[in-house]
Amino acid sequence: MRGRELVGAILAVALLARLGLALLYEPPALFGDAADFARHAAALADHGSYPESLATGGPTAFRPPAYPFALAGVYEVAGRGDAPRVFGALLGTLAVALLGFVALRLFGRRVAVVAMALAAVFPPLVMVSVALLAEALFIVLVLGALACVVHAPDRMRWVLAAGALAGAAALTRTNGLVLLPVLLLAVRGARPRVALLAAALVVLAPWSIRSSAALDTFVPTTTQLGGAFAGVYNDVAREDDRHPAAWRIPRFEPYSSLRRPGMDEAELERAFRREAFDYARDHPTYPLVVVFWASVRMLNLADADRERTSAREAGVGAGFVRANRYAFWLLALLALAGAATAAARAAPRWVWAVPVLLWASTAIIIGATRYRTPVDPFLILLAALAIVHLSGGAQRSSFRYSAAKRS
């Protein structure tokens with residue numbers, strides 16, 4: 001089979017796997033984050049604006065806008081029924097293609113084909129594609145930004161595209177901001193770096209201006225930070241033996257007493273943030289405990305309650321949770337082997353900085369397999385390196401950086 005035919009076949013398998021999950025299972029009753037994303041998308045499609053805050057009843061900037069706006073576009077064009085899950089299947093297939101392109105530029109054709117084949121059927125990526133969750137779009141934007149940089153780190157149009165995609169990633173999940181310093185290291189020269197940062201700011205600015213005006217204070221991307229920290233930096237989470245250091249809605253003391261009549265979402269976020277940061281200062285080793293247990297959960301080594309919740313959001317059963325676990329453990333073992341290959345060590349260090357920063361920025365607050373999935377494509381890259389190495393194949397990079405300039 002020729003190279004293009006093989007790539008086409010892999011993408012077809014990726015799309016069919018996701019469409020099968022989207023269309024063959026009965027769509028679930030939405031709840032949690034998925035229900036809230038759908039609520040925002042419906043408000044945008046029906047009224048052209050965000051809904052009221054669930055926390056305060058006033059203006060909201062809690063949900064970053066990229067995924068709700070994308071979902072609202074799907075509602076407008078294709079309706080609500082199965083269309084959002086089909087949209088997710090298309091996003092998931094695009095992610096497979098982008099991962100293949102990144103692998104091609106970094107490690108050559110054989111690794112690219114193997115990486116695409118793994119990503120096409122990797123259960124956690126298949127599942128997150130069809131759940132109404134922002135991770136499906138986030139993964140595409142992260143890989144898209146990397147694809148631009150590995151393709152042409154010194155060409156202005158690709159640098160601008162990388163900056164714009166990084167800005168969009170930050171408007172999908174707040175920790176997308178960690179992409180910016182990595183991409184600034186990846187591109188060459190002062191002018192491209194300024195251009196990349198400017199492109200990201202141009203994408204970020206309209207939402208920040210809108211949210212800052214609505215809440216009468218500066219809001220760079222979202223009002224999630226305070227509640228995110230408050231849900232895990234508290235005695236209830238720290239003393240929980242069954243789910244140690246696990247996030248929960250901050251409805252208990254001292255956070256419940258912080259809510260006052262007339263308080264807007266930004267004020268509540270700041271109050272939560274102050275209390276949570278004070279708690280972390282009073283318990284200086286606790287952030288390490290949070291990172292440990294969050295990492296345990298993201299490695300599928302803890303109780304599967306959070307995984308079952310993610311599976312329910314995708315409309316699949318317990319069997320898929322087990323498939324996720326076993327598939328991830330196998331991938332993780334291959335990724336460890338791949339990390340030891342010469343090709344992995346020769347790759348630009350900033351490439352591996354992306355998953356490290358994504359992991360760290362998640363584990364400091366919350367841990368679940370859903371939040372790990374943006375890291376999975378990088379583990380797949382390493383696993384593909386291991387498979388090609390074990391099969392006796394050589395990996396030759398076609399990346400535009402010279403070996404002397406890799407960093």
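Ala, Val, Leu, Ile, Met, Phe, Trp, Tyr, Cys and Pro count as nonpolar, Asp, Glu, Lys and Arg as charged, and the others, Gly among them, as polar. The model is predicted, so that local features need pLDDT of at least 70 and side-chain atom pairs count only at pLDDT 80 or more, while totals for chains, interfaces and linings use all residues. Residues are numbered from 1 along each chain as its sequence is written, and side-chain values use heavy atoms, with hydrogens and water left out.

Of its eleven lining residues, Pro-124, Met-127, Val-128, Ser-310 and Arg-370 are the closest to its centre. By class, this lining comprises six nonpolar, four polar and one charged residues.

Asn-234 is buried, with a relative accessible area of 2%, where buried means under 20% (1.4 Å probe, protein chains only). Leaving aside neighbours within four places in sequence, Asn-234 is in contact (heavy atoms within 4.5 Å) with Arg-248, Phe-252, Tyr-255, Tyr-279 and Tyr-286. A polar atom of the Asn-234 side chain lies 2.7 Å from the backbone oxygen of Ala-230, and the side chain of Asn-234 also reaches the backbone nitrogen of Ala-237 at 2.7 Å. Between the C-alpha atoms of Asn-234 and Ser-361, which are 127 residues apart in sequence, the distance is 19 Å.

Note on methods
Buried < 20%, exposed > 50% of the residue type's maximum accessible area, 1.4 Å probe, protein only. Polar contact = N/O pair within 3.5 Å; in protein donor to acceptor, adjacent residues only side chain to side chain. 1 Å grid on protein atoms, 1.4 Å probe; cavity = no way out; pocket = protein on both sides within 12 Å on 5 of 7 lines; lining within 4 Å.
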